[in-house]
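I opened the notebook to record what I looked up in this structure. The entries follow in the order I made them.

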Amino acid sequence: MTTATAITLMTGFFLCLAAGPLHADQTTSGDLGAMARQAMMSIFGDRNASAVDRYFAEPFIQHDPNVADGLGGLRAFMADVAKSPTTGITIYRSLVDNDIVMLHSRYEGMPGFSGPVIAFDLFRFKNEKIVEHWGGQEAEAGLNPSGRSQVDGPTEVVDRDKTETNRALVRNFKQVVTVDLHFERVNAFIDDNRYFQHASKVGDGIARLKSRVSEVAKPSTAPVLIPRRYVADGNFVLAVVEARTERPTTNYDLFRVENGRIVEHWDVLSAIPPLDRRKNKNEPF
């Protein structure tokens, strides 16, 4: 599937039905993915205030620096969403990695933005409730130099038996190329004629990748791009990276792997506000 459509609450409902009957102590990865999608559809699609109590539980840890901690912070966020004349969400990709669910989405009515935004959200589940959240957003941009958008491209999760192999591949790529800056070894991970780029200001191919990384990560005594977390599900691997640049960001880098090679990349570079402007005290990554 190369064109994503909005995922509705009814979609999530049928996904749950498709999983078959469950015992009281069983929760499948598909259930967690459906719950995360339904939660965000309820907030941004239906503006349903009951979504907080239905899908989330205390103690709730919030890592998005633009949202206050705890369920009280979520309720305040929902109140801000409700003030927007237009709200909506289109979910393009979802991954499930044990108790973590990742959503890659386009939002309308996101507080703090004047137009649509592209976002990654990570949710940690416990006892079938969301108890922790990380989120990064950036304004939607036009097509990149290769004519790709920030969200188009393949969406289907396949090769789940290769999840850990693909996680290791992306982890090694990040360490070797973007942390240790061994650009000469990039061909060990990526083929130059088959690397599709969705970053808003970068086009396809290895040369543009090298140029982008070298702009922000100069050889120095301390790394600038520090991987903090990996989420993997089949052929997709997300790397969450702390970027210690002049204007710090949390970088969400999503990679698609095929036949042992990285073939596609999407990202969001989410600005980290100064400490005195953050709405919670938790690290954003």
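Which residue in E3 is the bridge partner of Val96? I looked it up and found Val101. Before going on, I noted that this is a predicted model, in which local features need pLDDT of at least 70 and side-chain atom pairs count only at pLDDT 80 or more, while totals for chains, interfaces and linings use all residues. Residues are numbered from 1 along each chain as its sequence is written, and side-chain values use heavy atoms, with hydrogens and water left out.

I checked how E2 and strand E3 (residues 100–108) run, and they pair in the antiparallel sense over 9 bridges. Two strands pair if DSSP finds at least two bridges between them. Helices (H or I, at least four residues) and strands (E, at least two) are DSSP runs, numbered from the N terminus. E2 and E3 form a hairpin with 2 residues between them, and Asn98 in the turn has a positive phi of about 60°. I then looked at burial, where buried means under 20% relative accessible area, exposed over 50%, and partly exposed in between (1.4 Å probe, protein chains only). In strand E2 (residues 88–97), 9 of the 10 residues are buried, so E2 is largely enclosed by the rest of the structure.

**Entry: the whole protein**

I counted 6 helices and 10 strands in the protein. Of its 285 residues, 51% are buried.

**Entry: a second hairpin**

I turned to strand E7 (residues 225–233) and strand E8 (residues 236–243), which pair in the antiparallel sense over 8 bridges. Pro227 has Val241 in E8 as its bridge partner. This hairpin has 2 residues between its strands, and Gly234 in the turn has a positive phi of about 60°.

Helix H4 (residues 70–82) has 13 residues and reaches 19 Å from its first C-alpha to its last, close to the 18 Å expected at 1.5 Å a residue. The expected span is 1.5 Å times one less than the number of residues. I listed the buried residues of H4 as Gly70, Leu71, Gly73, Leu74, Phe77, Met78 and Val81. They cover an arc of only 155° around the axis, which puts them on the same side of H4. The arc is that of the directions from the helix axis to the C-beta atoms.

For helix H5 (residues 163–179), the 17 residues should span 24 Å, and the end C-alpha atoms are 23 Å apart, which agrees. The buried residues of H5 include Leu169, Phe173 and Val177. H5 is followed by Leu181, whose phi is positive, near 60°.

**Entry: the cores**

A nonpolar core is a set of buried Ala, Val, Leu, Ile, Met, Phe, Trp, Tyr and Cys residues joined through side-chain atoms within 4.5 Å. The largest has 31 residues, and those with the most contacts inside it are Met40, Phe44, Phe56, Tyr107 and Phe125. H2 gives the most to this core, with 8 residues. I looked up Phe44, leaving aside its neighbours within four places in sequence, and its contacts (heavy atoms within 4.5 Å) include Phe77, Ile89 and Tyr107. Apart from this core lies another, of 23 residues, among them Val177, Leu209, Ala239 and Ala243.

**Entry: Ala139**

The C-alpha atoms of Ala139 and Pro116, 23 residues apart along the chain, are separated by 6.2 Å.
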